[in-house]
Amino acid sequence: MPAINVAGNIEAEINSLMIGGNVADADLRALEFIEELAETNVDLLADIDDPALNETLGNYTDFLSAVDGILFERKNILLPRQANIFTTNYDLFIEKAASKLPNVTLNDGFDRTSAVGSRYVLSPEKYFDRTYRSGSSIDRIAELPVINLIKVHGSLSWQRDADKEIRFASDGVSLSGHVQKNDPSAVSNALAKRAVILPNIRKFESTLLERVYFDLLRLYSNCMDRDNALLIAFGFSFADEHILDITRRALRNPTSQLLMFAYSNANALAFSDKFSQNRNVTVIDPGAGPPTDFKVFNSILRQVIPQGGKSV
């Protein structure tokens, strides 16, 4: 049982309300969704012992460990020991999972070079940094594996600073408090305090979020334009039209590959239809067998690493 609900149905519900002219009801539904997610993340950061939280966090921890293991096996100095995780999720499961893996270096795009204060600013150019370590007695350096986390729809850990820049919420995830839900302006103001792109057709509540969104999408597009780029998609429906369009255009690069793991046969058919014009797309279909959930996906990733990434 996942600790958080899938956003796809909620996005469709909100869009239906907006198309029908019920903007206030759409905002209220969006606020309820964000607040429910925020409450889950407050429990996550407080280490509340909950079976659903523990299972979901365990899956993310195993996922990051597998990705780090794959990067560790990359010995070719011509290739960066980096992997990019692009996600539209607002939650902090990846960040929390990384905190449990001391050997994993997670780069969330915030500039932490300042020695004073903790009001770190989101700086997408940090994703281009590579990390090296040198020995004390020999003149040799080695690149450390780094996982870049790019949250294109924002995060519950992001804060707007006077709508000029995005800063890291060092005090953790906060709740909106008591909001008069029968007051549309109060609901709208509560949503506006979040540095997230809402799941609706309107999407942008500020020019700042719009600029950050397209900066991160440009990074996604540039990654896909690289020679022999491989995009592995799991748990993502490509319902975001901007991301779908960029992906289709990026796949014009004949050396790029999109490998999609479908949860069910129905999902596989939908993916095949969306990318029917692209020959460099492979959809892994579970067929009539068990669905490809997070645990199954992680077990597949482990097969890439010698001995599954475990010592013998």
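Tyr-220 is buried, with a relative accessible area of 6%. This residue belongs to a predicted model, in which 14 aromatic pairs are found.

**Edge-to-face pair of Phe-86 and Tyr-220**

- The ring centres of Phe-86 and Tyr-220 lie 5.1 Å apart with the planes at 70°, so this pair is classed as edge-to-face.
- The pair joins distant parts of the chain, since Phe-86 lies in strand E1 (residues 82-87) and Tyr-220 in helix H6 (residues 207-224), 134 residues apart.
- The two partners are described separately for accessibility: Phe-86 counts as partly exposed because its relative accessibility is 24%, and Tyr-220, at 6%, is buried.

**Stacked pair of Tyr-60 and Phe-93**

- Among the 14 aromatic pairs, that of Tyr-60 and Phe-93 is stacked, with 5.6 Å from centre to centre and 15° between the planes.
- This pair also links distant parts of the chain: Tyr-60 is in helix H3 (residues 51-72) and Phe-93 is in helix H4 (residues 93-99), 33 residues apart.
- Tyr-60 has a relative accessibility of 11% and therefore counts as buried, the cut-off being under 20%.
- Phe-93 is buried, with a relative accessible area of 0%.

**Aromatic cluster**

- Tyr-60 and Phe-93 belong to one aromatic cluster that also contains Phe-63, Phe-234, Phe-261, Phe-294 and Phe-297.

**Charges over rings**

- Lys-75 places its charged end over the ring of Phe-72, 4.3 Å from the ring centre.
- Arg-112 is positioned over the face of Phe-168, and the distance to the ring centre is 5.0 Å.

- Thr-292 lies in the loop between strand E12 (281-284) and helix H9 (294-302).
- With a relative accessibility of 7%, Thr-292 counts as buried.
- Leaving aside residues up to four places away in sequence, Thr-292 touches Phe-234, Phe-261, Ala-262, Tyr-263, Pro-286 and Phe-297.
- Among these contacts of Thr-292 are Phe-234, Phe-261 and Phe-297, which are members of the aromatic cluster.
- The side chain of Thr-292 also reaches the backbone oxygen of Ala-262, at 3.3 Å.
- Between the C-alpha atoms of Thr-292 and Leu-31 the separation is 31 Å, and these residues are 261 residues apart along the chain.

Key. Residues are numbered from 1 along each chain as its sequence is written. This is a predicted model: local features need pLDDT of at least 70, side-chain atom pairs count only at pLDDT 80 or more; totals for chains, interfaces and linings use all residues. Side-chain values use heavy atoms; hydrogens and water are left out. Rings of Phe, Tyr and Trp (its six-membered ring) pair if their centres lie within 6.5 Å; planes under 30 degrees apart count as stacked, over 60 as edge-to-face and the rest as tilted. Helices (H or I, at least four residues) and strands (E, at least two) are DSSP runs, numbered from the N terminus. Buried means under 20% relative accessible area, exposed over 50%, partly exposed in between (1.4 Å probe, protein chains only). A charge sits over a ring if NZ of Lys or CZ of Arg is within 6 Å of the ring centre and within 35 degrees of the ring normal. Contact means heavy atoms within 4.5 Å. A polar contact is a pair of N or O atoms within 3.5 Å; within protein, one must be able to donate a hydrogen and the other to accept it, and residues adjacent in sequence count only if both atoms are side-chain atoms.
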